[in-house]
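This briefing covers one protein chain, from its overall build down to a few single residues. Please view the sequence and the structure together before reading the points.

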Amino acid sequence: MSYYLGIDIGTSGTKTLLIDQAGKVIAEANAEYPMHQPKPGWTEQDPEDWWNGTVKTVRAVMKSSKVKPADVKAIGLSGQMHGSVFLDKNDKVIRNALLWNDQRTAAECDEITTAAGGRKSLVKMVANPALTGFQAPKILWLRNNEKRNFDKLAKVLLPKDDIRRRLTGGYVTEVSDASGTLLLDVVNRKWSTQLISKLGLDANLLPSVVESHEVTGTLTADAAKTLGLTTACKVVGGAGDCAAGAVGNGVVKTGVLSTSIGTSGVMFVHSDQPQYDADGRLHTFCHAVDGKWHMMGVNLTSGGSLQWWVDSVLQGLTGIPKSKRYDAATDEAQSVAAGSDGLIFLPYLNGERTPHGDPNARGSFVGMNLTHTRGHMTRSVMEGITFALRDSLEIITSMGVPVKQVRASGGGSKNPMWRQMQSDVFGKKVTTLEVEQGPAFGVALLAAVGDGTFKSIEQACSATIKVADETKVDRAAAKKYDQLFPIYRDLYGNLKESMTKLAEYQSA
């Protein structure tokens, strides 16, 4: 029997799971670590925490599964996208990594757009506009603000690819994660030498780039010893967490869209061709499926908004243990009618990406009156998050991309009320899977493909992923949401100037 590991380097922690050659999950483990916020809008992590999480979780699944080390044939890597690990010539980390939700690089985004000859020229080069979360602005920020650190710079890696370096000794990324650097020619699936040159960067700073199922090396002797595996164990390209999660949900063919509510929220749709929104509101990236692409809308604080509401605002729920506060809050929300009696929440607590691309966007409740209760506020937070996802869905469908099925994953798929809310807000049937393991499962399947157990990722998904349940649209609730959604969309434009002034005040 052959076994495969999937390792996902997330924002809140690392998840590792072990599957057999039939795709059955044998064991899994998680390890948490902190995120640092030295200033409002800045987010960083220590890459050493990711490595410690990897070691801890791999050893845990090997111990609990009792699988022989020699039977683990390959590893797939996933991770939070866009982050920047800055290494010197001796592979020493120069400073904490800047993360996907870091908002400090607005000036560098303008610099990139100008160097490219304007927003439209930039989108033609790399299929996407410059956004604060992407990796390229972070490299320029280091050059502009920490010259001593930039002068030491020898390599820049994405989070999962720094783990690969420590596993194999190589500097390699793959097309799905590389798409989120803003330095990849997404259409041709290779680095954009044109943009790299215009930005005055050394192409040698970047790793080599491969397809997601390709083998990128085997474990070094030190890594094998540390993890309790063998040097014969392969490491495949893997995928950025969004593409990996889509593979884990079987979103590998036309007509299937996934919606994921974790810390961020993602609308992800498969495409056989590289299509892109002319206004750059959606991301167009290479898929983890060989020779395919995907479009993706991202909301920066989806589940993060609910976490903020429950953990920071409702933490004083009398007599309710912390572990049960989410259930208590959503139970209150359940008693409120769809639409929260006209209370709307804008979930822009750390800026926003799709569709506004505005690091200064800020969250707010609008429409509050004396009849509104705590339950109304909780429900409006959940509805605001779901409206933000619908923003992406509206753009996707306006481009003529078929959406025949919506598959829900992440925290938003586990709560029946939230599944129903998604179905009603989207106006589409929402399905869930028999086993939902997210990005770690997706890259474990990629490892199995890379090792030859499956001929393709499509075959792997067809053999291992099954739909378990479906939630149909409640037409009465959907009608209410259709009335509220245009109001929700107007609010950002109406408040944008005030949001910008408040962001400037907060950062002063």
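Contact here means heavy atoms within 4.5 Å. On that basis, residues 24 or more positions apart account for 71% of the chain's contacts with a separation of 6 or more. The model is predicted.

**Whole chain**
- The protein chain holds 18 helices and 24 strands.
- Its radius of gyration is 22 Å, close to the 23 Å given by the globule rule for 508 residues, so the chain is as compact as a globular protein of that length.
- The C-alpha trace spans about 65 × 50 × 45 Å along its principal axes.
- Of the 508 residues, 60% are buried.
- The accessible surface is about 19600 Å², and carbon and sulfur atoms contribute 48% of this.
- There are 57 positive and 53 negative side chains, and the centres of these two sets are 2 Å apart.

**Helix α17**
- Helix α17 runs over residues 457-464, and its buried residues are Ile 457, Ala 460, Cys 461 and Thr 464.
- Viewed down the axis of α17, the buried residues fall within an arc of 95°, so they line one face of the helix.
- The cover over these residues includes α10 (241-248) and α16 (439-451).

**Thr 464**
- Thr 464 belongs to helix α17 and has a relative accessible area of 17%. Because buried means under 20% relative accessible area, Thr 464 counts as buried.
- Apart from neighbours within four places in sequence, Thr 464 is in contact with Ala 22, Gly 23, Phe 441, Leu 445 and Phe 454.
- Gln 422 is 42 residues from Thr 464 along the chain, and the C-alpha atoms of the two are separated by 25 Å.

**Backbone features in loops**
- Thr 354 and Pro 355 are joined by a cis peptide bond with omega about 0°. Pro 355 sits in the loop between β20 (344-346) and β21 (364-366).
- Lys 66 is not a glycine, yet its phi is positive, near 60°. Lys 66 is part of the loop between α1 (47-65) and β5 (72-79). Its relative accessibility is 70%, and Lys 66 counts as exposed.
- Leu 182, also not a glycine, has a positive phi of about 75°. Leu 182 lies in the loop between α7 (175-178) and β10 (184-185). With a relative accessible area of 2%, Leu 182 is buried, whereas Lys 66 is exposed.

Note on methods. Residues are numbered from 1 along each chain as its sequence is written. This is a predicted model: local features need pLDDT of at least 70, side-chain atom pairs count only at pLDDT 80 or more; totals for chains, interfaces and linings use all residues. Side-chain values use heavy atoms; hydrogens and water are left out. Helices (H or I, at least four residues) and strands (E, at least two) are DSSP runs, numbered from the N terminus. The radius of gyration is taken over C-alpha atoms; the globule rule is 2.2 Å times the number of residues to the power 0.38. Buried means under 20% relative accessible area, exposed over 50%, partly exposed in between (1.4 Å probe, protein chains only). Accessible areas come from the Shrake-Rupley method with a 1.4 Å probe; for residues, only the protein chains shown count as cover. Lys and Arg count as positive and Asp and Glu as negative; His and the chain ends are not counted. The place of a charge is taken as NZ of Lys, CZ of Arg, CG of Asp or CD of Glu. The arc is that of the directions from the helix axis to the C-beta atoms.
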